[in-house]
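My notes follow in the order in which I checked things.

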Amino acid sequence: MNGRPPAAQAVVDEYFAALVTAAARSGAPIGPDEVAELRAHVAERLASTAGTAQDAERVLAELGDPARLASEFAATREDDGEGPAGGGSLVGRVLGMPYDLRNPSSDRYATRMWDPSNPHVLVPKALGVGWTVNFGALAVALHLVRPDDEDAPFASAPPGVVTGTLAAPIAVVVVLGALVATRWRTLPATVPTHWDAAGHANGYSSRGAALVLVGLIAVVPLLFAVGVHLRRRSAVNRVVASALSLGLGTVALAIAVQTLVSAGGGTRPWITWLGIVGFVVLPLALLVGVSRLGRAAEQRRDLSSSKGQSW
């Protein structure tokens, strides 16, 4: 029992069982030595407390959600060049560029897109070749949040807010759908689908292919986000999935509007740039907003706890 009360020991055991299971599912199982080291860290932290179940939960919250911690272990191994067990050829670097071709997971997207403790703004993509934006590092660089603002990202945010984040990408897709339904049939058989920085079209495709492209960019991420919410994954997984869908939905909407304008003979470079800026700013605003709400909830909880102890 390691000298801990049974209730605290049960909480610790449950956490590590979930961690080992999540690590095995990610394809990068955590070894016994690593588990023992983590357990020793938890025991050391608990030694300075009363050792209640609440103390155990508080200490374990510092490590974060088990699934997220397992993903961080896996990411660390990839950075060290070890690669995931049984999938080495799916993760690595080619010509200095990182790639990850494993099946996408909400845990991996969450750890890549929101990690305020990682100072790198550009991190390897969760799926595909190249880099993606670590909005957590970007928020820290802009002094919007601090690396240690939350014990566990978004874990203390109101559940209604976490679920409500899905409304943002849905609204964008609804607007896109209305635009396509009312205007797409009026387009010629061949339409612009790529533009230079000045807004001049330099790439074309059929009207149907352009519609498929816009639909894939907007709808697939939204379906992914809906699935993450329906499976009741961790708060950080759900908020990041909403943010990702919001960013890509904004890009799809900008492409659709630019196509309609260019097909009509117009040149509006600001539409393209608005889509690019929106791809970063809107998800960042959503993530920072939820993070701040979570931080405020943690502060209220800590203040309430401190008042209770003073009595």
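Which residue in S4 stands opposite Tyr99? I looked this up and found Val129 opposite Tyr99.

Before going on I noted that this is a predicted model, in which local features need pLDDT of at least 70, side-chain atom pairs count only at pLDDT 80 or more, and totals for chains, interfaces and linings use all residues. Residues are numbered from 1 along each chain as its sequence is written, and side-chain values use heavy atoms, with hydrogens and water left out.

Entry on the open sheet. I traced three strands in the order S1-S2-S4, with antiparallel pairing; strands here are DSSP runs of E of at least two residues, helices are runs of H or I of at least four, both numbered from the N terminus, and two strands pair if DSSP finds at least two bridges between them. S1 (91-94) and S4 (128-129) are the edge strands, each pairing on one side only. I found four bridges between S1 and S2 (residues 97-100), and two between S2 and S4. S1 and S2 form a hairpin with two residues between them, and in its turn Leu95 has a positive phi of about 55 degrees.

Entry on a second hairpin. I then followed S6 (residues 190-195) and S7 (residues 201-206), which pair in the antiparallel sense over five bridges, with Trp195 opposite Ala201. Five residues lie between S6 and S7 in this hairpin, and Gly199 in the turn has a positive phi of about 90 degrees.

Entry on helix packing. I read an angle of about 20 degrees between H8 (residues 167-183) and H10, with their axes 8 Å apart; axes are lines fitted to C-alpha atoms over the stretch in contact, and angles run from 0 to 180 degrees between N-to-C directions. H8 and H10 are therefore roughly parallel to each other, a class that takes angles under 35 degrees.

Entry on the second largest pocket. I noted 26 lining residues, of which Glu57, Arg58, Leu60, Ala61 and Arg301 lie nearest the centre; a pocket is an open set of points on a 1 Å grid over the protein atoms alone, where a 1.4 Å probe fits, with protein on both sides within 12 Å along at least five of seven lines, and lining residues have an atom within 4 Å of a point. The elements giving two or more residues to this lining include H3 (53-63) and H11 (269-310).

Note on methods. Angles under 35 degrees count as roughly parallel, over 145 as roughly antiparallel, 65 to 115 as roughly perpendicular and the rest as oblique.
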